[in-house]
Structures are given as structure tokens and as C-alpha cells.
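Colleague: I'm new to this one, so please walk me through it. Let's have it on screen.

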Amino acid sequence: MEKKPTVAYFCMEFGLQSDFKIYAGGLGILAGDILKAAKDLDLPMVGVGILWRQGSTRQVIFENGWPMDCFPEYRYDFLKDTGVTVSVTVREQPIKLKIWLCDCFGNVPLFLLDANLPENADRLITGQLYGWFNEERIAQEIILGVGGVRALRALGIQPDIYHFNDSHPLFASFERIREEMEQGLSFEEARARVRRTIVFTTHTPVAAGNEVHEHRLLAYMGAYNGLTYEQVKEIGGDPFNMTVAGLRMARLANGVAALHAQTAKKMWAGVSDAAPILAVTNGVHNATWQDKAIRDAYHSGRALMPVHKRLKMHLFTEIETRCGVRLNPQALTIGFARRAAPYKRGDLIFGKMDLMEPLLQNGTLQMIFSGKAHPNDLTGKEIVSKMVRMAKRYPNAIVFLPDYDMHVGAMLTRGCDVWLNTPLRPLEASGTSGMKAAMNGVLNLSILDGWWPEGCVHGVNGWQIGDGIQGEGSEQDDRDRESLYKTLFDEVLPAWYQHPATWEIMMRASVEMASERFSASRMVSEYYERMYQTLPEESEAKAL
């Protein structure tokens, strides 16, 4: 049997456990699930990230409904001191980085870089995850990429493959090129050799989510790392596009769902010398996200609804404790929890309140919302504020759960009856929260975007919204809203209130659909089989 390649998985954030606050959202949860699945499968992988001392924002809600950001400092006594330090240069100043090991959440080793040391003038550079502005972001990406490679070297780890989860680790490729050029290779030779070792996962199809930097800022921050303007421009253009650079530095790239891969190919079709973009659909870690009682009931052939009702009551008890709202466990309860972004259209269901208001007022329908906005994203904060205002308007039917994190996400994807997803197709890359809901028997009601076109059998394991045809602007909003209402009124509500046996069958079909096909184990196995495998030219080189 051919030896599996050793993979260094680089990511800006990792979601391994709710109270380990080095994650912000879906990117980090995906990364954490990958490290756990690799451990389950006994695969040779290590993670490389940053120890964010202040984590991502804690978001609490003012009395007026506006989100307020808090950045407490966290201590983590479970981390192991490797005794190893490395240094990087930022703004012509050295930054010393301590390397911590995290291996206590059922994950392969995760090495975390920490600048919070007395000898550093800028100890807070690894303070806030996704805080600050462009200069700090580039500094953090230098720490992750350049510092990450140097940490692996200092630890004696020699990866065969470097996997960049999104473009944040891109500067690791510059460090690898610098290493090869120090051995006497030309820039083009070094770049070609390094490229054979890199795979790249691209995520957001939203243009604003793909970082672009001016070269003068990259040079000032020290991101060139010994390369010239012309060399860096060849990789990422001018202005420097991090995603373009990732595509030009990788041997293979992937989207995170079949539809997303198609969208990414179109989006980046004009990029010369880009890596081929495959589709490796995301999955979630079953042991983390699927309730054990649901799993046991499913495999033993027992009814799922009694277990679901207990999980629903657990969620409702938590809501009453946190929000002072007592929801009706008999009423159909829809959940919606996402990063607050306009394309996710969390307010789509409220487009015609003359239809929705009677359901909310007479107790037929309840809704639970949660989500966060980036500290600097005023548009996202306005979305959160609108959800809070709706909860105040209908206090017995709509709840907003603040400070969305892994704990809240797990409760919602187990305790709601229906999981609502209304992105503007095709802007949802994957949508792993829907997978978590599905493997707990929570039925998805979703636009055919992200992963859902691969899993949905309408009326069997959930429901689709719309026909998957993309329109323009408000016209598409109107079409999707009409489809949402029709499906909700004609199919979802009757199934819940009039056909409980059908609902039970659909729950079981949902669990069956999601548990393997959308598991992190399937995803990681696919990465090893399709993305990390030895390329033909590498086999020939070894033979020589």
C-alpha cells in the first residue's frame, strides 16, 4: 500500500470546541472538523494556525437592538508548550512567535503561533481574529504563512502537501520559494517546485470576500519576503489578489460543493496559469454535530421524533434562560443562523407580512434567529439589528439568540424543526449548518445553492425553494419569496400539523442522506484520494 502523504493544513481559524475561541464561523468550523476526521481515520496531517488571545468578537445586543463587540482575553491551560519559537519580520521589525500544541479535542496535532510575548513590541498582533484593518490583516497572514512554515521546520515536520484553506495562508508559498531559491534555484524553478506541493481551497463567490492589497502596502509590511515586485506581480497581479495568487501557486484547487466549483471556474476563468478547480463537497464531523441519541435511535430503527422533542425542549429551556421567552414546543419552529451578510437574505421570509403575521400571532409558526457581523461591517450589524427588532415586534413567536458560537449552532441544528436557508444563488459556497441539521433529522427548507442541490429530494428529505434558475436582483428575490411561501403553506405546515407519520419518515430520510455523504470523514478521504495524491511527474521523478 502506498504511503499516505503528510499534509500540513493551514487555516486562519479552527473551530474545535465552543469555548476555544480561535474561530469566527464556517471556515474555522470546517477546519476543525477536518482535523478531527483526520484523527478518526488515522491520517498523517497536522494543522497550522494562530492562537488568538482575544478570539473573534463576542457580540452582545444593546437595548436599542444594535450589536456591540467585546474582546475579552482568554487563557487556555490545556495547550502544550512545545518549547519552540520562531521569528518573522513585519514592517522591518522581528516578531518572535511561540508555538503551542493543541491535541485534546479528538484532533490531529494543531500547532498555534502566538506573538503575545514580552519581547515583542506588537504583542497584540495575534490578539483579535479578523479584527483591525489591512495592515494588521497582512501582518497576521505573514505570521500564519511564513511563521507556519518556519514552525514546521523547527518542529522537524516535513510535509509532502501544504493545504491552504482559503487565501490567508498564501505567504507560506513565498517562504517556500525563498527556501528553494536559497538552495540555488531560479525563481521560476523554485515556484514550479513549490507549486507541486500546494493545494488550495477557494471559498466565497462574493467578490468582496476575496482579499486584494496594494503592492506598496505588501512591500512595506514585508510580505514580499525576499521576492521582487515583478515576481510577486506574476503570482498575484497588480493590485495583488490573494485568491488569484492561491490559484497560481497551487497544483490543484477545489470548490466546496459541486455548484460552487462551477461558479468558481466561471468567476476565475480569466486567470491565466490557474490551477484546475475540482469539487470536493464539504462535510461535517458526525461525532461533534450529530446528537448521539438521534444516531442511536436511527440505527436501532426507533422513532426519531421522541428524541427530537427532548432536544427541542433543551433548546427552548436555554432560550428561556437567555432571553426570557417561553416558546411553544408544539408549534412548528424554523431556525436560521448565519453570518450576517446581505446575500444570505435572512429577511426574505418577512417580505409579505400580511401573510406571515397571522401565523406568528396565532402561534402556528415560531422562528429562532442567530448570527454575527464582523466588527467593521455596519451593513451586517444592521441585518442583526433588524432581526432583533423583529423579535421585539413578535416577542412570543420570534427569538434572536445573541453571540452565535458552536454551542448555539449545535443546539439550533438539533432542536429546530426546520432549517431555513435563503441565499441568493449561487453565492452560498456550501452551507454546512444545513448538513448538521440534516443529520439530526431537522428538515432543510432551502434555496438550491451550496450543498443542497446534491442532497435534496424534494418532499422526501426536505424541501427546495425555487427551481435553481438564476434571475436578476429584486426579480429573483420576488420569485424566491413566492416559492418559499408556497412551499411553506402548501407542504411544510400541512406535513407538521396534519401528517406526523410523514414527518417522521422525512426525518429518517434526512439522517440517511446526510450521515455519510456529507460527513467530514468522506470529505477528508476524498481530499487524500483526489487532491493530495502523487502527481505523475512526481512519480517519474522518484523513479529516476
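**Rings, sheet and cores**

Colleague: Where does the charged end of Lys-436 sit?

Modeller: Over the ring of Trp-289, 4.1 Å from the ring's centre. To count, NZ of Lys or CZ of Arg must be within 6 Å of the ring centre and within 35 degrees of the ring normal. This is a predicted model, where local features need pLDDT of at least 70 and side-chain atom pairs 80 or more, while totals for chains, interfaces and linings use all residues. Numbering starts from 1 along each chain as its sequence is written, and side-chain values use heavy atoms, without hydrogens or water.

Colleague: And what's over the ring of Phe-336?

Modeller: That's the charged end of Arg-338, at 5.0 Å from the ring centre.

Colleague: How many aromatic pairs are there?

Modeller: The count is 19, taking Phe, Tyr and Trp (six-membered ring) with centres within 6.5 Å; planes under 30 degrees apart are stacked, over 60 edge-to-face, the rest tilted. Phe-10 and Phe-164 are edge-to-face, because their planes stand at 70 degrees with the centres 6.0 Å apart. This pair bridges 154 residues of chain, from strand β1 (residues 7-10) to strand β8 (residues 161-165). Strands are DSSP E runs of at least two residues and helices H or I runs of at least four, numbered from the N terminus.

Colleague: Are those two buried or exposed?

Modeller: Phe-10 and Phe-164 are both buried, meaning under 20% relative accessible area with a 1.4 Å probe, protein chains only. Elsewhere, Phe-20, Tyr-74, Tyr-76, Phe-78 and Phe-105 make up one aromatic cluster.

Colleague: Switching topic: in what order do the strands of the open sheet run?

Modeller: Nine of them go β5-β6-β7-β2-β1-β8-β9-β12-β13, with mixed pairing; a pair needs at least two DSSP bridges. β5 (80-90) and β13 (277-279) are at the edges with a single partner each, so one side of each has no neighbour in the sheet.

Colleague: In which sense do β9 and β12 pair?

Modeller: Parallel, over three bridges, between residues 198-201 and residues 252-255. Val-199 faces Leu-252 of β12 there.

Colleague: Which residues touch the most other members of the largest nonpolar core?

Modeller: Phe-10, Met-45, Phe-171 and Tyr-532, out of 101 residues. Such a core joins buried Ala, Val, Leu, Ile, Met, Phe, Trp, Tyr and Cys through side-chain atoms within 4.5 Å. Helix α2 contributes the most, nine residues.

Colleague: What's in the second core?

Modeller: It's separate and has 49 residues, including Ala-297, Leu-304, Ile-465 and Leu-493.

Terms used. Buried < 20%, exposed > 50% of the residue type's maximum accessible area, 1.4 Å probe, protein only.
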